[in-house]
Amino acid sequence: MEEQALERDTLEWTVTAEYVKERIDKYVAEAMEDVSRSQVQLWIQNGHIKVNGSLVKANYKLSEGDFIELTIPEPTGVEIVPENIPLEVVYEDSDVIVVNKPRGMVVHPAPGHTSGTLVNALMYHCKDLSGINGELRPGIVHRIDKDTSGLLMAAKNDKAHASLAEQLKEHSVTRKYIAIVHGNITHDQGTIDAPIGRDPLDRKKYTVTDKNSKHAVTHFLVLERLSDYTLVELKLETGRTHQIRVHMKFIGHPLVGDPVYGRSKGIKMDGQALHAEVLGFNHPTSGQYLEFSAPLPSDMEEVLTSLRNR
């Protein structure tokens, strides 16, 4: 997800013909990042994975059409250590902190990845963060992808967290992104209204699909046309996983540098050319509308300069 209100993670897959007779533990482990097969087997043993609504064993052989549900439990006994990692703080008070996340930084720890994240940095900087999302995600109300840069808000107490999460749910938070995409977008503006779900052909990807999907809406505005590339502003109405990346690929204009949904030819970047430029919300205590912006990172500026000088 470019950005997503956090809730207890539930993942779903529908088995296609090429995975018939594959073991359930192998299937789920390959569908997830940074999760071992032994971890999946433990989840199965503890009843966190169901097939067609029923519990199964790790050696269960899949059939075409099987519906798999995984409810990821909150990890226990994992200590997240505050780390003195530099933070670009855009705004901070006793309720909320807004930071400009650099490209390459993971937002919160995950199994097997418990250091170097934004959460580690926030815990060192703030000392006080909300506890609603558990010990691995203190303060985190929403997230942006590791290789997306830009603005992110975190809550310092549970009251602020509840307010910000409700605003995300109601789609009242302003979220504008800047992206460089392949191709010349002929329309000056438009709306992509297409549901997003897991890609049945590649379990690590998301795609536009009517099956096991969620409503997703992205608005775009062309800022500049650069021959066979376009600079666009994108406004999120919903916040699905990888939403902007999937939607732009869907309309034939994938993001420059996107390692999953992009093109191998053309300009190279270390991660997708996507930046969360504007973030606006009502303050959890005062109710005052606050809006912040963050300039494009230098790597995106360098790509734009090279395109303009061609």
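Which elements do the buried residues of α2 pack against? The buried residues of α2 pack against α1 (24-31), β2 (49-51) and β4 (67-71), where contact means heavy atoms within 4.5 Å. This is a predicted model, in which local features need pLDDT of at least 70 and side-chain atom pairs count only at pLDDT 80 or more, while totals for chains, interfaces and linings use all residues. Residues are numbered from 1 along each chain as its sequence is written, and side-chain values use heavy atoms, with hydrogens and water left out. Helices (H or I, at least four residues) and strands (E, at least two) are DSSP runs, numbered from the N terminus.

**Helix α2**

- The buried residues of helix α2, which spans residues 37-45, are V40, W43 and I44; buried means under 20% relative accessible area, exposed means over 50%, and partly exposed lies in between (1.4 Å probe, protein chains only).
- After α2 comes G47, whose phi is positive, near 80°.

**Helix α4**

- Helix α4 (residues 158-169) has twelve residues and reaches 16 Å from its first C-alpha to its last, close to the 16 Å expected at 1.5 Å a residue; the expected span is 1.5 Å times one less than the number of residues.
- The buried residues of α4 are A160, H161, L164, Q167 and L168.
- Seen down the axis, the buried residues of α4 fall within an arc of 130°, so they line one face of the helix.
- The face turned away from that buried side carries the exposed residues K159 and K169, whereas the cover over the buried residues of α4 includes β6, β7, β8 and β14.
- N157 caps the N-terminal end of α4, with a side-chain oxygen 3.3 Å from the backbone nitrogen of K159, and H171, whose phi is positive, near 60°, follows the helix.

**Nonpolar cores**

- The largest nonpolar core has 30 residues, and those with the most contacts inside it are L122, Y177, L234, I244 and M248; such a core is a set of buried Ala, Val, Leu, Ile, Met, Phe, Trp, Tyr and Cys residues joined through side-chain atoms within 4.5 Å.
- At least two residues of this core are supplied by each of β6 (96-101), α3 (118-126), β7 (149-155), β8 (174-182), β12 (217-226), β13, α5 and β14 (274-282).
- The largest share of this core, four residues, comes from α3.
- Another core, of 22 residues, lies apart from it, and among its members are L11, I24, V40 and I44.
- Leaving aside residues up to four places away in sequence, L122 touches L87, I97, V99, K127, L129, I140 and A154.

**Aromatic pairs**

- The structure holds four aromatic pairs; rings of Phe, Tyr and Trp (its six-membered ring) pair if their centres lie within 6.5 Å, and planes under 30 degrees apart count as stacked, over 60 as edge-to-face and the rest as tilted.
- The rings of Y19 and Y27 have their centres 5.3 Å apart and their planes at 90°, so this pair is edge-to-face, and both Y19 and Y27 are buried.
- The rings of Y91 and F292 have their centres 5.1 Å apart and their planes at 35°, so this pair is tilted.
- Y91 counts as partly exposed at 23% relative accessibility, whereas F292 counts as buried at 13%.
- Ring pairs also link W13, Y19 and Y27 into a cluster.

**Individual buried residues**

- N120 lies in helix α3 and counts as buried at 0% relative accessibility, and its side chain reaches the backbone nitrogen of G116 at 3.4 Å.
- H242, in the loop between β13 (229-236) and α5 (243-250), counts as buried at 12% relative accessibility.
- The side chain of H242 makes a polar contact with the side chain of Y261 (2.8 Å); a polar contact is a pair of N or O atoms within 3.5 Å, and within protein one must be able to donate a hydrogen and the other to accept it, while residues adjacent in sequence count only if both atoms are side-chain atoms.

Note on methods: The arc is that of the directions from the helix axis to the C-beta atoms.
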